[in-house]
Amino acid sequence: MPASPRPSSPRYRLFVLLAAFAQLRFGELVALRRRDIDLRTMDARVRRATAEMEDGTQIDDDPKSEAGNDRPRR
C-alpha cells in the first residue's frame with residue numbers, strides 16, 4: 001500500500017492543509033499572511049485574494065464571497 005501523500009516541505013504544510021480542509025481557493029491561499037492565521041484559536045481569516053492579470057501582474061482584492069471577509073475559516 002502506498003504511503004499517504006505528505007507535503008514535500010514543512011514550509012508548505014499549512015498551505016496544503018488549508019487547501020485540503022478549509023476549501024480555500026488558490027488566490028485566497030496565496031494572499032494569506034501570518035497575521036491572518038491564529039494558531040491559538042485555529043482560525044484563518046480570509047481578508048483578500050490574489051488574482052493574476054493577463055499581463056502577469058498580481059493584484060490583491062476582496063475575496064469572492066462576502067462570508068470570507070470577516071468569518072473565520074476552521
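Colleague: Why does Phe15 count as partly exposed?

Modeller: Its relative accessibility is 30%. Buried means under 20% relative accessible area, exposed over 50%, and partly exposed in between, with a 1.4 Å probe and protein chains only. Phe15 falls in between, so partly exposed is the label.

Colleague: What kind of model is this, and which pLDDT is needed for local features?

Modeller: The model is predicted; local features need pLDDT of at least 70, side-chain atom pairs count only at pLDDT 80 or more, and totals for chains, interfaces and linings use all residues. Residues are numbered from 1 along each chain as its sequence is written, and side-chain values use heavy atoms, with hydrogens and water left out.

Colleague: What makes Phe15 and Phe26 an aromatic pair, and why is it edge-to-face?

Modeller: A search of the whole structure finds one aromatic pair. In it, Phe15 and Phe26 lie 6.3 Å apart, centre to centre, with 85° between the planes. Phe15 sits in helix H1 (residues 13-21) and Phe26 in helix H2, eleven residues apart, so the pair links distant parts of the chain. Rings of Phe, Tyr and Trp (its six-membered ring) pair if their centres lie within 6.5 Å; planes under 30 degrees apart are stacked, over 60 edge-to-face, and the rest tilted. Both values pass, so this is an edge-to-face pair. Helices here are DSSP runs (H or I, at least four residues), as are strands (E, at least two), numbered from the N terminus.

Colleague: Why is Phe26 called exposed?

Modeller: Its relative accessible area is 59%, so Phe26 is exposed.

Colleague: What makes the contact between Arg47 and Asp36 a salt bridge?

Modeller: The distance is 3.2 Å, N to O. The rule asks for a side-chain nitrogen of Lys or Arg within 4 Å of a carboxyl oxygen of Asp or Glu.

Colleague: Which residue besides Arg47 is linked with Asp36 in a network of salt bridges?

Modeller: Arg48. Its side chain meets that of Asp36 at 3.0 Å, N to O. This pair links distant parts of the chain: Arg48 is in the loop between S2 and S3, Asp36 in the loop between H2 and S1, twelve residues apart.

Colleague: How do you know what Asp36 is in contact with?

Modeller: Contact means heavy atoms within 4.5 Å. Leaving aside neighbours within four places in sequence, Asp36 is in contact with Ala31, Asp43, Ala44, Arg45, Arg47 and Arg48.

Colleague: Why do Glu28 and Arg25 form a salt bridge?

Modeller: Their side chains meet at 3.1 Å, N to O. That is within the limit, so the pair qualifies. Glu28 counts as buried at 2% relative accessibility. Arg25 counts as partly exposed at 39%.

Colleague: What makes the phi of Gln23 stand out?

Modeller: Phi is near 55°, a positive value in a residue other than glycine. Gln23 lies in the loop between H1 and H2, and at 67% relative accessibility it counts as exposed. Met42 also has a positive phi, about 60°, although it is not a glycine. Met42 lies in the loop between S1 and strand S2 (43-45). Its relative accessible area is 59%, so Met42 is exposed.

Colleague: What makes a pocket, and how much space lies in the largest pocket?

Modeller: On a 1 Å grid over the protein atoms alone, a pocket is an open set of points where a 1.4 Å probe fits, with protein on both sides within 12 Å along at least five of seven lines; lining residues have an atom within 4 Å of a point. The largest pocket holds about 390 Å³ of space. Its lining includes Phe15, Leu18, Leu29 and Ile37. H1 gives the most to that lining, with three residues.

Conventions:
Points joined across faces, edges and corners; volume = space filled by probe spheres on them.
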